[in-house]
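User: I'd like to learn how to read the contacts in a protein model. Could you take me through this one step by step?

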Amino acid sequence: MKLPCAHSALPKWVRRLVLLGLYITCLPSSFAQGGPPMLTDDPGTPGDGVWEINMSYQEQRTRQDRSRSLPHADFNFGVGENVQLKYETGWVFVDTTDGGAARSGLEDSLLGLKWRFLDRASSGIDMSVYPQLQLENGTGSVARGIAEPGPNLFLPVQVARAFGKTKWVGEVGYQALRGQRNEWVAGVLGARQLTDTLELMAEVRSVSQNFRNRGDLVVNAGLRQSISDRFRLLASVGTGVSSGPEATSLIAYLGIQVVLGEEKSR
């Protein structure tokens, strides 16, 4: 998703939301992670032979249009304890704020391979690389303005470290885009387990052509609620900070995560 260009001075309500996220990260917890429903990913992997399947509704609004993906399918599979394979796509609906006709079609496919090359158990810190390739599906969605032209390549690095009961997750990566200027992506996330079944998260994530300009900024908050050993409710909502015509006014995620197999590493 394209994120909006941010102002150098954030409004008070945005600063308060960021402070709320920092507060969440100070609550008692033994674990924090990124990934769905958040934008920032972390070094965690499902575990050997474990499937994590995320089925969701996703929405992004700007001042010009609205994009919704339903169903949105995200399949992740653990190969060994340190490797994760990914496939993601969805059926997307796009319409404009001026009442233009809605269009729908298949999104691009996203393929990924995550390798956690540093483990907290031995070093106190987790680190991973997670190259992801976005490909057109050949269904005409790009020509109709529903999906982005591909191929596009995202090369991120994730890092996570615990400080007592507090853990921070960070991600930085480079996006090579077809037909557009390449971009840098950076995100910081904190998550805390309030109860045995409820986890709260908050993040700040930016996209910019280089780290010297203001770039695009999204502030996002979410939760994971365990329903059983196999099912989790995933939800998040956030906004961009910009006054431009392509500024994000809303970003939202609502889904269910299904876990198949015995989780050993995350």
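User: Let's start with charges. How many salt bridges does a search of the whole structure find?

Analyst: Side chains of opposite charge can pair when their charged atoms come close. This is a predicted model, and a search of the whole of it gives 11 salt bridges.

User: Which residue forms a salt bridge with E59, and how far apart are the closest N and O atoms?

Analyst: The partner of E59 is R66, and their closest N and O atoms are 4.0 Å apart. Since buried means under 20% relative accessible area, E59 counts as buried at 6%. R66 has a relative accessible area of 25%, so this residue is partly exposed.

User: What about D95 and R66: what is the N to O distance there?

Analyst: Those two side chains meet in a salt bridge at 3.4 Å, N to O. The pair links distant parts of the chain, with D95 in strand β3 (residues 83-96) and R66 in strand β2 (residues 65-79), 29 residues apart. D95 is buried, because its relative accessibility is 11%.

User: And where do R178 and E136 lie?

Analyst: R178 is in the loop between β9 (166-176) and β10 (183-193), while E136 is in the loop between β7 (132-135) and β8 (152-163). They are 42 residues apart, so this pair also links distant parts of the chain. Their side chains form a salt bridge of 3.2 Å, N to O. R178 is partly exposed at 45% relative accessibility, and E136 is partly exposed at 34%.

User: Now the rings. How many aromatic pairs are there, and how should I read one?

Analyst: The count comes to 3 aromatic pairs. To read one, look at the distance between the ring centres and the angle between the planes. W51 and F77 have ring centres 4.8 Å apart and planes at 45°, so the pair is tilted. A stacked pair would need planes under 30 degrees apart, and an edge-to-face pair over 60.

User: Which parts of the chain does that pair tie together?

Analyst: W51 belongs to strand β1 (residues 51-62) and F77 to strand β2, so the pair ties together parts that are 26 residues apart in sequence. W51 is partly exposed, with a relative accessible area of 36%. F77 is partly exposed as well, at 24%.

User: Let's turn to strands. How many of the residues of strand β13 are buried?

Analyst: In a regular strand the side chains alternate between the two faces of the sheet. In β13 (residues 231-240), 7 of the 10 residues are buried, so the strand is largely enclosed by the rest of the structure.

User: Which strands pair with β13, and in what sense?

Analyst: Strand β12 (residues 216-226) pairs with β13 in the antiparallel sense over 9 bridges. These two strands form a hairpin with 4 residues between them, and the bridge partner of R224 is L234 in β13. Strand β14 (residues 248-260) also runs antiparallel to β13, joined by 8 bridges. There, G238 stands opposite I251 in β14.

User: Could you pick out a single residue? Is D41 buried or exposed?

Analyst: D41 counts as buried, because its relative accessibility is 14%. You will find D41 in the loop between α1 (12-24) and β1. A polar contact of 3.2 Å joins its side chain to that of K114.

User: And what is S206 in contact with?

Analyst: Leaving aside neighbours within four places in sequence, S206 is in contact with W184, V185, A186, D216 and L217. S206 is in strand β11 (residues 198-208).

User: Finally, what does the chain look like as a whole?

Analyst: The chain has 2 helices and 14 strands. Of its 266 residues, 43% are buried. Among contacts with a separation of 6 or more, 57% are between residues 24 or more positions apart. The chain exposes about 12,900 Å², and carbon and sulfur atoms supply 60% of that area.

Note on methods: Residues numbered from 1 in each chain as written. Predicted model: local features only at pLDDT ≥ 70, side-chain atom pairs only at ≥ 80, totals over all residues. Heavy atoms only, no water. Buried < 20%, exposed > 50% of the residue type's maximum accessible area, 1.4 Å probe, protein only. Phe/Tyr/Trp six-rings, centres within 6.5 Å; stacked < 30°, edge-to-face > 60°. Pairing = 2+ DSSP bridges. Polar contact = N/O pair within 3.5 Å; in protein donor to acceptor, adjacent residues only side chain to side chain. Contact = heavy atoms within 4.5 Å. Areas by Shrake-Rupley, 256 points an atom, 1.4 Å probe, with all protein chains shown as cover.
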